[in-house]
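Please keep the sequence and the 3D view open while reading.

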Amino acid sequence: MSTFAVGPAGADLPQHLRPYTVLRPTAEITHEIERRRSLFRTHLRRADSAEAAQSWVEQLRKAHPGARHHCSAWVIGADRLIQRALDDGEPSGTAGAPILAALLKSEMPGGDADLSDVVAVVLRWFGGTLLGPGGLVSAYSDSVTGALTGAREQGQLRRREHMRLFDVQAPITEAGRWENELRAAGTLVTATDYSADGAQARIRLSVPDTDAQIADLHRRVAALSAGATTPEAAGQRWVDQAGPR
């Protein structure tokens with residue numbers, strides 16, 4: 001089975017900047033289970049804010065008015081501090097809490113329980129038989145866990161990393177060679193711009209936001225330019241990396 005690459009990347013970062021696992025932006029995962037004729041259908045989706053998560057809950061409520069309950073939970077942010085769980089009429093703690101626990105505790109392909117920026121909504125069509133608190137907790141948990149397994153099997157999970165951006169000024173005659181060598185070393189080259197007079201090129205690079213990766217970039221650029229060029233800081237951003245397919 002394919003997995004994300006794991007290693008020390010991010011170990012020297014505060015929690016809110018460490019890599020974590022997300023769904024692909026376009027992913028919409030569904031999974032159904034049946035318990036004593038009650039149908040539980042989980043819908044998983046990416047959400048980058050509590051407002052987006054709540055909007056998705058309301059969309060599903062309108063789309064499926066026949067469902068007796070529309071229970072939900074979400075986890076947002078690299079530090080996973082934005083959390084909410086809603087029982088939507090089920091006995092307190094029997095729906096929202098197990099949904100949230102499944103999102104927080106399920107192991108991801110990299111080996112960590114680090115899924116975030118996700119909302120899970122579980123619709124229940126009542127089958128006429130009461131399940132009791134334990135049965136409800138099990139049903140809601142298993143439905144979400146099954147959806148997460150489906151997301152993994154379908155290749156819908158991605159590694160999200162905080163990247164530092166740098167610009168490197170290169171002589172036009174060296175730009176192509178520098179780009180190739182940087183790519184070969186695993187550095188992400190995002191663009192190359194050229195000066196109006198055609199004498200210089202600006203190579204735009206992204207590297208994981210760790211001291212080791214940034215120091216390695218500086219060493220590589222120094223070697224390529226014989227010490228004549230230093231990477232210039234150009235900002236930062238979160239980037240989804242390719243996951244298993």
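## Strand β3 and its partners

Strand β3 pairs with strand β6 (residues 118–125) through eight bridges, and the two run antiparallel. Strands pair here if DSSP finds at least two bridges between them. Helices (H or I, at least four residues) and strands (E, at least two) are DSSP runs, numbered from the N terminus.

Ile 33 stands opposite Phe 40 of β3. His 31 faces Thr 42 of β3. How much of β3 is covered? Seven of its nine residues are buried. Buried means under 20% relative accessible area, exposed means over 50%, and partly exposed lies in between (1.4 Å probe, protein chains only).

## Basis of the model

This is a predicted model: local features need pLDDT of at least 70, side-chain atom pairs count only at pLDDT 80 or more, and totals for chains, interfaces and linings use all residues. Residues are numbered from 1 along each chain as its sequence is written, and side-chain values use heavy atoms, leaving out hydrogens and water.

## Overall build

The protein has five helices and 10 strands. Its radius of gyration is 23 Å, well over the 18 Å that the globule rule gives for 245 residues, so the protein is more spread out than a compact globule. That radius is taken over C-alpha atoms, and the rule is 2.2 Å times the number of residues to the power 0.38. Along the principal axes, the C-alpha atoms fill a box of roughly 75 × 35 × 30 Å.

Of the 245 residues, 46% count as buried. Contact means heavy atoms within 4.5 Å. Among contacts with a separation of 6 or more, 71% come from residues 24 or more positions apart.

## Surface and charge

The accessible surface comes to about 11,900 Å². Carbon and sulfur atoms hold 49% of that surface. Areas come from the Shrake-Rupley method with a 1.4 Å probe; for residues, only the protein chains shown count as cover.

There are 28 positive and 29 negative side chains. The centres of the two sets lie 6 Å apart. Lys and Arg count as positive, Asp and Glu as negative, while His and the chain ends are not counted. Each charge is placed at NZ of Lys, CZ of Arg, CG of Asp or CD of Glu.

## The β1 end

In a regular strand the side chains alternate between the two faces of the sheet. Strand β1 (residues 20–23) has Tyr 20 and Val 22 pointing one way. Thr 21 and Leu 23 point the other way. Which of these residues are buried? All are.

Strand β1 runs antiparallel to strand β7 (residues 157–171), with four bridges joining them. Tyr 20 has Arg 160 of β7 as its bridge partner. Pro 19 sits in the segment before β1. Pro 19 counts as buried because its relative accessibility is 15%. Trp 238 is 219 residues from Pro 19 in sequence, yet the C-alpha atoms are 9.1 Å apart in space.

## Ser 72 in strand β4

Ser 72 belongs to strand β4 (residues 69–76). Is Ser 72 buried or exposed? Its relative accessible area is 1%, so Ser 72 is buried. Neighbours within four places in sequence aside, Ser 72 contacts residues including Val 57, Arg 84, Leu 86, Ile 99 and Val 121.

## Loops and positive phi

Most residues other than glycine have a negative phi, and most peptide bonds are trans. Arg 36 has a positive phi near 50°. Arg 36 belongs to the β2–β3 hairpin, which has two residues between the strands. Its relative accessibility is 55%, so Arg 36 counts as exposed.

Asp 88 also has a positive phi, of about 45°, although it is not a glycine. Asp 88 lies in the loop between β5 (82–86) and α2 (96–105). With a relative accessible area of 28%, Asp 88 is partly exposed.

Gly 186 lies in the loop between α4 (175–184) and β8 (188–194). Gly 186 is exposed, at 66% relative accessible area. Gly 186 and Glu 232 are 46 residues apart in sequence and 19 Å apart in space, C-alpha to C-alpha.
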